[in-house]
Amino acid sequence: MKINKRQVGNKLEDFIIRWKMFICIFFSIIITILYYFKIISNIRENLGNIVALLAAMLVVVTLILTLLLYLNDKEKYKDAIAEYGEKNGKDMVYQYVYRIIIANILCIIIAIMVGIVQAEAIIIKLIISLVGSCSFCYLMMGSIYMLYFSIDIVSGINKEKGKKVK
């Protein structure tokens, strides 16, 4: 039995979609532990870089929304959405993008809190680290997945039209 790249990709995609919150919580716990043991430090010095990355991710989400608007009337997109049920599929995709935007806003608020609030209690720092890294992980995973989803459909549409995608 030969395993196809597409089958492996589909299995990985299903795993990520099903367990995305647990994956985010797992990575945020690791990041919080690293922060607690001072392996990760100087967050305030890198706050500008974090905000720049968050702004770039917001641009990526805007690109995703633009691609979804382009795809809205394409057959390949309708077929991909039909797997989840015609009505529920579109709702699921747009709600997922909405949650990614909310995660981005939450990350920006936490970055502002890190810059403004001078918390000395370690428990407050750990809670902010846990929530911030969890929302950041969700934002990154969601943005990358939705970009992959959109580009995969666009490339499938272009292949059907006989265009060569470079």
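Leu 54 lies in helix α2, which spans residues 47-71; helices are DSSP runs of H or I with at least four residues, strands are runs of E with at least two, and both are numbered from the N terminus. At 0% relative accessibility, Leu 54 counts as buried, a class defined as under 20% relative accessible area, with exposed meaning over 50% and partly exposed the range in between (1.4 Å probe, protein chains only). Between the C-alpha atoms of Leu 54 and Ala 111 the distance is 9.6 Å, with 57 residues separating the two in sequence. The model is a predicted one, in which local features require pLDDT of at least 70 and side-chain atom pairs are counted only at pLDDT 80 or more, whereas totals for chains, interfaces and linings use all residues. Residues are numbered from 1 along each chain as its sequence is written, and side-chain values use heavy atoms, with hydrogens and water left out.

Two further residues of helix α2 were examined together with Ser 150. Leu 71, also in α2, has a relative accessible area of 0% and is therefore buried. The C-alpha atoms of Thr 66 and Ser 150 are 9.7 Å apart, at a sequence separation of 84 residues.

Overall, the protein contains five helices and zero strands, in the order α-α-α-α-α from the N terminus. Of its 166 residues, 32% are classed as buried.

In helix α3 (residues 75-82), the buried residues are Tyr 77, Ala 80 and Ile 81. These residues lie on the same side of α3, because they cover an arc of only 95° around the axis, the arc being that of the directions from the helix axis to the C-beta atoms. An α-helix has 3.6 residues a turn, so residues three or four places apart point the same way. On the face of α3 turned away from the buried side are the exposed residues Glu 75 and Asp 79.

Glu 75 and Asp 79 also belong to a negative surface patch, together with Asp 14 and Glu 83. Such patches comprise residues with over 30% relative accessible area and no salt bridge, like charges being joined within 9 Å and nonpolar side chains (Val, Leu, Ile, Met, Phe, Trp, Tyr) within 5 Å. A salt bridge is a side-chain nitrogen of Lys or Arg within 4 Å of a carboxyl oxygen of Asp or Glu. Asp 14 is located in helix α1 (residues 5-36) and, at 46% relative accessibility, counts as partly exposed.

With a relative accessible area of 45%, Asn 42 is partly exposed. Most residues other than glycine have a negative phi.

Definitions and conventions: Accessible areas come from the Shrake-Rupley method with a 1.4 Å probe; for residues, only the protein chains shown count as cover. Lys and Arg count as positive and Asp and Glu as negative; His and the chain ends are not counted. The place of a charge is taken as NZ of Lys, CZ of Arg, CG of Asp or CD of Glu.
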